[in-house]
Amino acid sequence: SQARLQKDDFVDQLAVDVHSACLDMKKSLALINSQKDTVDEAKEALRLSIVRFDNGAGTNLDVYDSEVSLAQVRQNLAQGTYDYTMAKAQLDRLRGREFSSEEAIWQ
């Protein structure tokens with residue numbers, strides 16, 4: 001009966017771990033999708049701040065702020081990609097599969 005209880009605990013924990021990895025993948029994928037759109041917006045904001053600066057209507061601080069915003073968005077995108085990859089690797093490990101970089105999100 002002790003072995004049966006241990007087996008049941010193991011199965012329950014495995015189910016929780018699989019569910020958690022799936023939720024982490026969904027959360028990361030949502031972040032990735034939102035940041036892809038935001039990168040384009042940040043690039044356009046940087047382009048506009050450079051044009052304003054070149055025409056004397058903006059300051060170099062506006063350009064720097066736009067550059068920092070773009071860098072932050074790119075960092076968020078990279079973090080989301082990393083988190084997704086780690087969650088997928090965890091799910092693959094739990095399922096007894098080898099992680100395949102061919103299925104990676106960035107390809």
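Modeller: Glu44 is partly exposed, with 35% relative accessible area. Partly exposed sits between two cut-offs: buried means under 20% relative accessible area, and exposed means over 50% (1.4 Å probe, protein chains only). This is a predicted model, where local features need pLDDT of at least 70, side-chain atom pairs count only at pLDDT 80 or more, and totals for chains, interfaces and linings use all residues. Residues are numbered from 1 along each chain as its sequence is written, and side-chain values use heavy atoms, leaving out hydrogens and water.

Start with the partner of Glu44. The side chains of Glu44 and Arg47 form a salt bridge, at 2.7 Å from N to O. The term needs a side-chain nitrogen of Lys or Arg within 4 Å of a carboxyl oxygen of Asp or Glu. Why might such groups pair up? Side chains of opposite charge can pair when their charged atoms come close. Arg47 is partly exposed too, at 43% relative accessibility. Glu44 and Arg47 are three residues apart in helix α1, so about one helical turn separates them. Helices here are DSSP runs of H or I with at least four residues; strands are runs of E with at least two, and numbering starts at the N terminus.

How many salt bridges does the structure hold? It holds two. The other one joins the side chains of Lys88 and Asp92, at 2.9 Å from N to O. These two residues are four apart in helix α2, again about one helical turn. Lys88 counts as buried, at 9% relative accessibility. Asp92 is buried as well, at 5%.

Helix α1 covers residues 2-54. Helix α2 covers residues 60-94, and the two pack at an angle of about 160° with their axes 7 Å apart. That angle makes α1 roughly antiparallel to α2. The axes are lines fitted to C-alpha atoms, for helices over the stretch in contact, and angles between N-to-C directions run from 0 to 180 degrees. Under 35 degrees counts as roughly parallel, over 145 as roughly antiparallel, 65 to 115 as roughly perpendicular, and the rest as oblique. The crossing of α1 and α2 is left-handed. In other words, the near helix is turned anticlockwise from the far one by less than a right angle; clockwise would be right-handed.

Next, walk along α1 and look across. Val18 lies in α1. Val18 is partly exposed, at 25%. Cys22 is also in α1. Cys22 is partly exposed, at 30%. Ser34, another α1 residue, is 9.9 Å from Asn76 by C-alpha atoms, at 42 residues apart along the chain. Ser34 counts as partly exposed, at 34%. Then comes Glu41, also in α1. Glu41 and Val73 are 32 residues apart in sequence and 9.8 Å apart, C-alpha to C-alpha. Glu41 counts as exposed, at 55%.

Last, the surface. Where is a nonpolar patch? Phe10, Val11 and Leu14 form one, with about 270 Å² of accessible area together. Patches take residues with over 30% relative accessible area and no salt bridge; like charges are joined within 9 Å, and nonpolar side chains (Val, Leu, Ile, Met, Phe, Trp, Tyr) within 5 Å. Areas come from the Shrake-Rupley method with a 1.4 Å probe, and for residues only the protein chains shown count as cover. Leu14 lies in α1 and is partly exposed, at 31%.
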